[in-house]
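Could you walk me through this model in my viewer? I'd like to know what to select at each stop and what I will find there.

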Amino acid sequence: MHRNDLTISALEHCQLCPHGCGANRHQRLGLCRSPHTPVVASVCRHTGEEPPVSGVGGICNVFFAGCNMRCTYCQNHQISRSALPPQPHWLTSVGTIADSIEALLQQGCTAVGFVSPTHQVPQMLIIIEELHQRGLHPRVVYNSNGYDSLQILRLLEGVVDVYLPDFKYSDNRLARRCSGVLRYAQTATEAIAEMYRQKGASLVLNEQGEAEFGLIVRHLVLPGHVANSIGVLRRIAGRISPRVHVSLMAQYYPPSGLVLRGGLSRQLNEQEYAAVVAEYNALQLRGWMQDLSSAQHYRPDFESTVPFDGCC
Ligand code: SF4
């Protein structure tokens, strides 16, 4: 497949993500519950990402609705469970999405972060093309859940400036139980290795300290699953590179309205996080580590026009 083939027509037999479910998204929804049209739940300025990602003026984040994972604890569950029917304030035309992005670029954002883009890559490319036609060339950040197709990532070489994937699980049984995906550990390892092939370990910053080129891997530590986190860190260090920038996240909280079992119904505790931090340090990884208190601050509400109160 060539990048020029990565169009809306490719969604007639969708193989965009590792599910490869083959849905004709012009007629029915696949496992990601997303149609062939773009569906964006929010375009907003965000200042709470890692400092080189947020940059000086905040990053313009474009939150796609729907998702190719089904995390029982999803912190964005208001928008990830289905892209249909679109909520009244969601954006479904390339023109209006580009208008919203352009407005934030005029207010000082210099990068656009596409959040959960895996199942809407052709739509993302059309939005980027529309921005280019308007003479706008922001840095492009690809912020995915790590369950990405190797073939699609290869086609994004030269389009994406900064990869910002999650690496959620080293434990495939946990991935299946909590997120409904198979072979997550191997799939994410291969996907992130491809991102690493494109970007290497260096994070290139501009004079303002903003990331212009590179790769940052995120890992959200889940309560009750320290071994899973340690396994993720070891996979990153051992199978990708110990020099990759890793952002360790402690912001997990059980979203209200979701039925969660076991450790997932509570926040992370101090001992659990300390054990994961100790492994991070032992592996001599570099990057960022959230404070445990971050679980109080990152609680998006996508029913609001300002989903990240205090971070936007
Ligand atoms: S992106 Fe959606 S429709 Fe396409 S293969 Fe993945 S789950 Fe199926």
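Start by selecting helix α7 (residues 184-199) together with helix α8 (residues 226-240): in this predicted model, their axes come within 11 Å and cross at roughly 50°. That angle makes α7 oblique to α8.

Now show side chains for the contact itself. From α7, pick Ala 185, Thr 189, Ile 192, Ala 193 and Tyr 196; from α8, pick Arg 235, Arg 239 and Ile 240. Coloured by type, this contact of α7 with α8 splits into five nonpolar residues, one polar and two charged.

Next, hide that pair and select helix α3 (residues 94-106) with helix α4 (residues 121-133). The axes of α3 and α4 come within 10 Å, and they cross at roughly 60°. The two helices, α3 and α4, are therefore oblique to each other. Here α3 passes α4 in a right-handed crossing.

Which residues make the contact between α3 and α4? On α3, select Val 94, Ile 97, Ala 98 and Ile 101, and on α4, Ile 126, Ile 127, Glu 130 and Leu 131. The contact of α3 with α4 has seven nonpolar residues, no polar ones and one charged.

For the last stop, centre on the ligand. There are 14 residues around the ligand, and those that come nearest are Cys 14, Cys 17, Cys 21, Gly 30 and Cys 32. Colour the shell around the ligand by type, and it divides into seven nonpolar, six polar and one charged.

Methods:
Residues are numbered from 1 along each chain as its sequence is written. This is a predicted model: local features need pLDDT of at least 70, side-chain atom pairs count only at pLDDT 80 or more; totals for chains, interfaces and linings use all residues. A residue is near a molecule or strand if its C-beta atom, placed from the backbone, lies within 6 Å of it. Ala, Val, Leu, Ile, Met, Phe, Trp, Tyr, Cys and Pro count as nonpolar, Asp, Glu, Lys and Arg as charged, and the others, Gly among them, as polar. Axes are lines fitted to C-alpha atoms, for helices over the stretch in contact, and angles run from 0 to 180 degrees between N-to-C directions. Helices (H or I, at least four residues) and strands (E, at least two) are DSSP runs, numbered from the N terminus. Angles under 35 degrees count as roughly parallel, over 145 as roughly antiparallel, 65 to 115 as roughly perpendicular and the rest as oblique. Two residues are in contact if their C-beta atoms, placed from the backbone, lie within 7 Å. A crossing is left-handed if the near helix is turned anticlockwise from the far one by less than a right angle, and right-handed if clockwise.
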